[in-house]
Amino acid sequence: MNSLVMGLQKELGITPVVASFGPTTYSKMAALGDIGFGWDKNRNIVAILQFAMWCKGYWAVEPKSEGWFTGVTRDAVSKLRGDMGIGGAGVINAKVAKALLNMDAYVVVAGGSDGIRTVQQWLNSRYWAKDAYNIGPCDGIYSRDVQKSLMIALQYELGIAAPNGSFGPATQAGLRSHTLSEGASGVFVQLFSAACLFNSPTFDAIGDPVVTTWRSTFDSKLGDWVSVFQKFNKLTDNRTGDYATWAQLLVSMGDPDRKATASDTRFEITASRAKWLFDNGYRFVGRYIFDPPGSTLDKEIKPGELDTIFRAGLKVFPIYQDNARKVSDFSYTTGYQHGLNAQKCADGYGFNRGTTIYFAVDYDATSEEIASAIVPYFQGVQAALASQGKKYTHGVYGSRNVCSTVSDKTFARFSFVSGMSWGFSGNLGFPIPRNWAFNQIKEFKVTNGTDSFDLDNDVASGLDAGVSSVNQTGGPADGFIAYVQKLYDLAGQYGATGQKQSQLVMEYIRHSAYGNKDTANKLGWWYLIGGYDGGFVDFCNSKGMSITQFFTDPFTGYQLGSEHMMATANAHLLTAQPDNKKSANGGDVGGWAGDLMTFWADWRNSEQQYADPLAFAHARLGVPGVSSSFGFNDLIEDADGYLLAQAVRGGRNIVDAMKAHYNGGGGLRRFNNYFTGRWGNATDCKTSAHNALTALDGTLSVAQAYLIGYAGAAFPADYQNLPGGFDKLQRFEQGFVDALLARMGMETSSVATLRANHSNYLKAARARSAR
C-alpha cells in the first residue's frame, strides 16, 4: 500500500514521494474529480487504484486490461462502497481513494463482530462526505480510528464548528447538555449506544461479562447495561447517559474533575502533606520503592515516610519503575532482574506478604511492542517473584492495552491504568481492564500553605485494599480460628447450612487472591477451583470483615498464607481425590499440583544454574528457610488445606477442623497424614506428579496453560520429548517425592522437639479442651 501511494504521488507530480496519503495528495486527487467507467486520462492512476482494490480482496481488473476502468472495475468499486457503508455509484473520488490506499478492512476480520461492523458502516454512511470525517474501517474491531470517527460524528451532532476528534472544552460542554435517559430516541441515543457497544462487555460484581447492542431508543435493557457499567467504573448508578458516563465511554480518563480517593506522586509525603491528603478525601497514595541510579527525580520512599502515611490514616500502593520509557527497556531478562530487585526493595521497606507491586510501562507501547517485549518482561517479573517465595504479586501500570494484555498473558493481579494519557494509542479503542484497581485521571499541583507538590488523581475500584502497615507478622492460630468462627457464623446468617457454611468461609478468604476470572480464555482460578459466592463476599464486607492473609503456625513458627491454604481446601472440598491415587485432578490443582507446575517453570528459568532438576528440588522444594516458588510454607499450606478439606468432607465444620488441627496437635504429623491420605506410597506419588504435569485433559490442561504456559517455560508434556527431556522430567518428579519424604522424616524425628518448643501452647490448648 505504501508503494502504491508513492506511485500515485509520482503520477500526480508530487516530489518527493512519501508513504503517506496527506493533504497534498488528497487535493491533487480531488482535482481529478470522480474516476469511473471509461475514465482514461491517466491509465497508470487507474491501474494503481485497481491494484489497491486487489490488495483489499476485490477483483477489479480483467486479465491484460489493467489501466482501463471497465465494467468489472465499476462493479468491484460498487461492492467496496457497499462494504464501506457509503453506497453509491461505482466511482472513486479522493475520499474513497484515501480509504482504499490504507490498511483498513471493510469486511469482518478475525476477532471482529457484525454488531460493531454495523455501527462502523452507519458512521461512514452518515458522515463520510463531511470535511473532517475520513471513511473508517468496517472490520468489526473497536480501534483507535473507530473511536476517533465516533468522536468526530458526535462533534458534528453537537454543532461544533471544526470537529477534530479531541475531547476538548466544547465537546465536554455539549455533552453536559445532552443527558439521556430511558425513553429518549434519535441520533444521540445511536451515538451513545454505539459507545456502550464499543465498551462492551462491562463486568458485574462477580466478574461476569455484560454486553449490549446498538439501538436508537434508550430502553430498559440499555439502562440495565449502563447501571452495570457505572458500578464497574465507580460512577453514580443512575442508569442515565449523564456527562460522567459519556466521558467514561469516550476517553480513558473519563471526567477528569470527578472526585478521587486515591493518588500517586513522586514527592515525599510529609506529615503536612499527609494531613492535606486525608482532609481532602484521599485514602490511598502510590509511592515508588525504587529510583534508578542517575535519576534526578528523587522519588523513592524516604525513611520514616510510611509511618507518617499510616499515622495520617492513609494506605500505600507500591510502584516499581526502572526507566521503562521505551521498548528497549523491556525484555524477559530485564523483567527477571527487576522482579528480584523489587522483591529486595519491598522487603527492605517491610511490605507484608501478599502486597501487589505495580511495575510501570511509562510510554505508549504498541500492540507489537507489547507482544514482543512487554509481555516477556512481565513473565520475567512473575518468575522472579515466584522464585523468591511468592511473597509479593505483580501488578501493571500502563495504558489500557498494556494492562489488559499483560493481565491476560501473565495474570497480573491488578491494573493501574494511565488513563490521563487519553491520547495514547493504547488507550483509544480499548475498554478499561476488568482487573483495574486504580485509574489515573488528572495531574495537578497541590498548594498547601507555603508548600506545593505535584499529585496525580486516581480513581480507586476497591480491588486493591492497599497497605496500611508494614513488618506485620501473622497472629497466633487462636486468633485466626476466632476470625474463621466469625465468618462461619456470618455464613449461617447468610442462610447457608451444613458443609456449605464451611465452603463459604473458604471462598471468602481465598476470593481475592485465588478468584480471578479470565472469561475470554477460560483461564484463572475461577475455572480451576470453582467460582465464589459474590453475594456472601459483599455480605461479609458489609459487616466489617476483611481478609486476614496469614497467621503463625504453632508447630513451626512459620507464617502461613491463609488465602493459599483456603484455596487448597476449597479445591479439595469441591473435588474428591481420585480413586486411583496415581492420578491427579482439579482438586490437586488448588494445592500441590498447582505449586508443582509453578515450580517447574521456576526450574526452567534456573536451568543454567541447576542443570539437574533433582538437585534443584533438593535445594529449593519445601526446604525450611529457603525462598522458593514451592517453599516450606507452601508445602505446609498444601498439607493443611488438604487435611482440613478431608475433615469437612467427613462431617466436621471448618472451625472444629481447625481447632483439632492447630490446638489438638494434628499439625504435629501433618506431612505424614497428608502423604498417607493422598498417596500412600512413593510410587503412586511420583506417578501422580507425572500425570499432573503431562496429562492433556480437562482442568489439568487449563492449569498447565495458566501456571506454566505464561511463565516463559515449556510444557512438561512437550519437554519430555526433547533429547534427555524425559529423564529430566522423571528426576524433577522424584524431587517432589523426596521433598515430601524428607519432611515426613523431619517430622517424625522432631516431634519431641516440637512438643518441647510448644509446651506452653499445648498446655493451654489442653486446658481449653478440658473446659
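Biologist: Happy to look at this together! At its relative accessibility, does Asp553 count as buried or exposed?

Modeller: Keep in mind that this is a predicted model. Asp553 lies in the loop between strand 12 (550-552) and strand 13 (559-561). The cut-off for a buried residue is under 20% relative accessible area. Asp553 has 0% relative accessibility, so this residue counts as buried.

Biologist: Thanks! Which side chain is joined to that of Asp553 by a polar contact of 3.0 Å?

Modeller: Let's start from the surroundings. Leaving aside neighbours within four places in sequence, Asp553 is in contact with Tyr558, Leu560, Ile636, Tyr662 and Arg670. The polar contact of 3.0 Å joins the side chain of Asp553 to that of Arg670.

Biologist: Now to the strands beside that loop. Which strands stand at the edges of the open sheet?

Modeller: The open sheet has 3 strands in the order 11-12-13, with mixed pairing. Each edge strand has a single partner strand, so one side of each is left without a neighbour in the sheet; these are strand 11 (475-476) and strand 13.

Biologist: Good to know. Which residue of strand 12 stands opposite Gly475?

Modeller: Strand 11 and strand 12 pair in the parallel sense, over 2 bridges. In that setting, the residue of strand 12 opposite Gly475 is Phe551.

Biologist: Let's move to another strand. Why is strand 10 (residues 451-460) described as largely enclosed by the rest of the structure?

Modeller: Strand 10 runs antiparallel to strand 3 (residues 262-264), with 3 bridges joining them. Strand 9 (residues 436-448) is also antiparallel to strand 10, and 10 bridges join that pair. As for burial, strand 10 is largely enclosed because the buried residues number 8 of the 10.

Biologist: One last stop, at the surface. About how much accessible area do Phe51, Trp54 and Trp59 have together?

Modeller: Trp54 belongs to helix 3 (residues 43-55). With Phe51 and Trp59, Trp54 forms a nonpolar patch on the surface. Together, the accessible area of these residues is about 380 Å².

Conventions: Residues numbered from 1 in each chain as written. Predicted model: local features only at pLDDT ≥ 70, side-chain atom pairs only at ≥ 80, totals over all residues. Heavy atoms only, no water. Patch = residues over 30% accessible without salt bridge, like charges linked within 9 Å, V, L, I, M, F, W, Y side chains within 5 Å. Areas by Shrake-Rupley, 256 points an atom, 1.4 Å probe, with all protein chains shown as cover. Salt bridge = Lys/Arg side-chain N within 4 Å of Asp/Glu carboxyl O. Helix = DSSP H or I, 4+ residues; strand = E, 2+ residues; numbered from the N terminus. Buried < 20%, exposed > 50% of the residue type's maximum accessible area, 1.4 Å probe, protein only. Pairing = 2+ DSSP bridges. Polar contact = N/O pair within 3.5 Å; in protein donor to acceptor, adjacent residues only side chain to side chain. Contact = heavy atoms within 4.5 Å.
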